[in-house]
Amino acid sequence: VRDAVRAAAETVAREGRTRAERLGAGTDPHEVLFEVVRPPRSLVIFGTGQDAVPLVRMAAALGFHLTVVSNTSGGAPADLFQEANIRLTASPKTVREKLTLEDDSAVVIMTHNLSHDRGYLRFALESGCRYVGILGPRARTERLLNELAEDGFHPSESRIAALYSPVGLHLGAEQPEEIALSILAEVEARFSGADAQSLRGRPGPIHPRPS
């Protein structure tokens with residue numbers, strides 16, 4: 001049974017889905033529950049404006065490991081971002097010395113400053129992180145990418161595929177809390193591999209069932 005459990009556990013870990021397995025042959029099979037327990041996913045937010053506050057609060061409620069990066073000397077205010085696990089002060093030039101972006105992490109850039117956004121965007125696209133969202137209209141992001149190209153930085157197609165601009169799902173969001181919801185909904189869909197469509201339009205069960 002030990003070998004069968006080990007093989008099934010490796011499969012479940014690769015697929016990332018909790019499920020029960022019936023192991024063993026004959027009249028006395030063993031039913032084993034394999035539960036996938038992941039470490040908290042990392043969310044790095046560049047920017048400490050008022051619109052970042054609800055994003056941090058909602059992300060904390062969802063269990064993200066939160067890093068808030070400020071480019072100002074005062075740093076991220078502790079009273080506004082008390083839910084953040086890490087509050088970091090780092091300019092686009094020094095951020096590489098202070099922060100590493102893991103592959104299984106998400107980044108949201110929202111400094112409202114073109115120069116700062118450009119530097120942080122390059123840093124994020126040079127990493128392997130799976131999600132890079134940037135606040136603002138598509139034309140603004142295209143301008144940033146063109147300016148990076150003029151500086152000699154040309155991200156690969158796979159890195160451009162990880163870039164989400166405009167950031168967030170189309171929920172008709174206007175207020176900061178609504179925008180935060182649309183961003184986090186897109187992040188969750190990206191990492192779960194879901195298409196973010198209405199459940200009403202999906203046939204069958206909500207969660208996939210093992211055959």
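Ser105 counts as buried, at 0% relative accessibility (buried means under 20% relative accessible area, exposed over 50%, and partly exposed in between, with a 1.4 Å probe and protein chains only). You'll find Ser105 in strand E6; helices (H or I, at least four residues) and strands (E, at least two) are DSSP runs, numbered from the N terminus.

This is a predicted model, where local features need pLDDT of at least 70, side-chain atom pairs count only at pLDDT 80 or more, and totals for chains, interfaces and linings use all residues. Residues are numbered from 1 along each chain as its sequence is written, and side-chain values use heavy atoms, with hydrogens and water left out.

**Around Ser105**

- The side chain of Ser105 reaches the backbone oxygen of Glu102 at 2.4 Å. A polar contact is a pair of N or O atoms within 3.5 Å; within protein, one must be able to donate a hydrogen and the other to accept it, and residues adjacent in sequence count only if both atoms are side-chain atoms.
- Setting aside neighbours within four places in sequence, Ser105 is in contact with Ser42, Cys129, Arg130, Tyr131 and Phe191 (contact means heavy atoms within 4.5 Å).

**The sheet**

- Six strands build an open sheet with parallel pairing, in the order E5-E4-E3-E6-E7-E8. Two strands pair if DSSP finds at least two bridges between them.
- At the edges sit strand E5 (86–89) and strand E8 (163–164), each pairing on one side only.
- Four bridges hold the parallel pairing of strand E4 (residues 65–70) with E5, and Thr67 has Ile86 in E5 as its bridge partner.
- E6 and E7 also pair in the parallel sense over four bridges, with Val108 opposite Gly133 in E7.
- E7 and E8 run parallel and are joined by two bridges; the partner of Val132 in E8 is Leu163.

- Helix H4 (residues 114–126) lies across strand E3 (42–46), E4, strand E6 (105–109), strand E7 (131–134) and E8, and runs at about 165° to E7. Axes are lines fitted to C-alpha atoms, for helices over the stretch in contact, and angles run from 0 to 180 degrees between N-to-C directions.
- E6, H4 and E7 make a right-handed β-α-β unit: with the strands pointing away from the viewer, the path from the first strand over the helix to the second runs clockwise.

**Aromatic rings**

- Rings of Phe, Tyr and Trp (its six-membered ring) pair if their centres lie within 6.5 Å; planes under 30 degrees apart count as stacked, over 60 as edge-to-face and the rest as tilted. The count comes to three aromatic pairs.
- Tyr131 and Tyr164 are a stacked pair, 4.7 Å centre to centre with 20° between the planes.
- That pair links distant parts of the chain, with Tyr131 in strand E7 and Tyr164 in strand E8, 33 residues apart.
- Tyr131 is buried at 0% relative accessible area, whereas Tyr164 is partly exposed at 21%.
- Phe46, Tyr120 and Phe123 are linked into a cluster by ring pairs.

- Ser165 and Pro166 are joined by a cis peptide bond, with omega about -5°; Pro166 is in the loop between E8 and helix H7 (176–192).
- His112 isn't a glycine, yet has a positive phi of about 65°. His112 lies in the loop between E6 and H4 and is exposed, with a relative accessible area of 55%.
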